[in-house]
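Below are my entries, in the order I looked things up.

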Amino acid sequence: MTDRDDSVETIQQEMTAFARRARATAARMHPELSLVSYTLLAHLDDQQGCRATDLAAHYLLDKSTVSRQIAALEKLGFVERRVDPDDHRVQVLHPTEEGAQVLANVTASRRQAFHERLADWDEADLDRFAAYLVRYNAAQERLG
């Protein structure tokens with residue numbers, strides 16, 4: 001293996017560990033709000049509502065996966081459906097007041113956890129890490 005192969009292998013292993021840790025952390029912060037549910041709820045809040053099909057397309061998820069996640073969020077009282085005023089055949093998903101509050105609380109907890117985990121990093125390391133993550137995600141979006 002080349003040095004590049006070794007680096008790619010390390011990145012793959014560390015990204016897997018990161019994803020596993022992110023799922024576990026999400027479960028601890030709000031046991032009923034999975035990482036996927038949190039992500040969908042955050043998107044609904046950020047976009048001030050959208051259709052389930054838009055969520056599926058944005059996150060490259062199967063419609064049935066989004067449907068199950070949204071049903072769970074509705075059951076928890078975190079998401080509600082509203083008729084689109086421009087097209088009464090369309091239902092738009094929105095966070096409820098309770099959903100927005102839970103999202104704000106979990107987001108604050110997640111942000112605090114990141115601050116604690118990165119507390120001993122200097123500003124230059126944080127800036128580089130942030131830039132690398134942006135670059136990595138931009139490449140992923142280009143490649144689809």
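**Entry 1: His-94**

I listed the neighbours of His-94: it touches Gln-48, Gly-49, Phe-78, Val-79, Glu-80 and Arg-82, leaving out residues up to four places away in sequence. Contact here means heavy atoms within 4.5 Å. I note that this is a predicted model, where local features need pLDDT of at least 70, side-chain atom pairs count only at pLDDT 80 or more, and totals for chains, interfaces and linings use all residues. Numbering runs from 1 along each chain as its sequence is written, and side-chain values use heavy atoms, without hydrogens and water.

I placed His-94 in strand β2 (residues 87-95). Strands (E, at least two residues) and helices (H or I, at least four) are DSSP runs, numbered from the N terminus. Is His-94 buried or exposed? His-94 counts as buried because its relative accessibility is 13%. The cut-offs are under 20% relative accessible area for buried, over 50% for exposed and partly exposed in between, with a 1.4 Å probe and protein chains only. I also found a polar atom of the His-94 side chain 3.4 Å from the backbone oxygen of Gln-48.

**Entry 2: Trp-121 and the rings**

I looked up Trp-121 next. Trp-121 is in the loop between α5 (97-117) and α6 (123-143). With a relative accessible area of 33%, Trp-121 is partly exposed. Trp-121 touches Leu-126 and Phe-129, again not counting residues up to four places away in sequence.

I then checked charges over rings. The charged end of Arg-117 sits over the ring of Phe-114, 5.6 Å from the ring centre. The test asks for NZ of Lys or CZ of Arg within 6 Å of the ring centre and within 35 degrees of the ring normal.

**Entry 3: the largest pocket**

I asked which residues lie nearest the centre of the largest pocket. They are Met-15, Phe-18, Leu-133, Tyr-136 and Asn-137, out of 44 lining residues. A pocket is an open set of points on a 1 Å grid over the protein atoms alone, where a 1.4 Å probe fits, with protein on both sides within 12 Å along at least five of seven lines; lining residues have an atom within 4 Å of a point. α6 gives the largest share of the lining, 14 residues. α1 (3-29), α2 (35-47), α3 (52-59), α5 and α6 each supply at least two.

**Entry 4: the whole chain**

I counted six helices and two strands. Along the sequence they read α-α-α-α-β-β-α-α. Of the 144 residues, 24% are buried.

Definitions and conventions
Polar contact = N/O pair within 3.5 Å; in protein donor to acceptor, adjacent residues only side chain to side chain.
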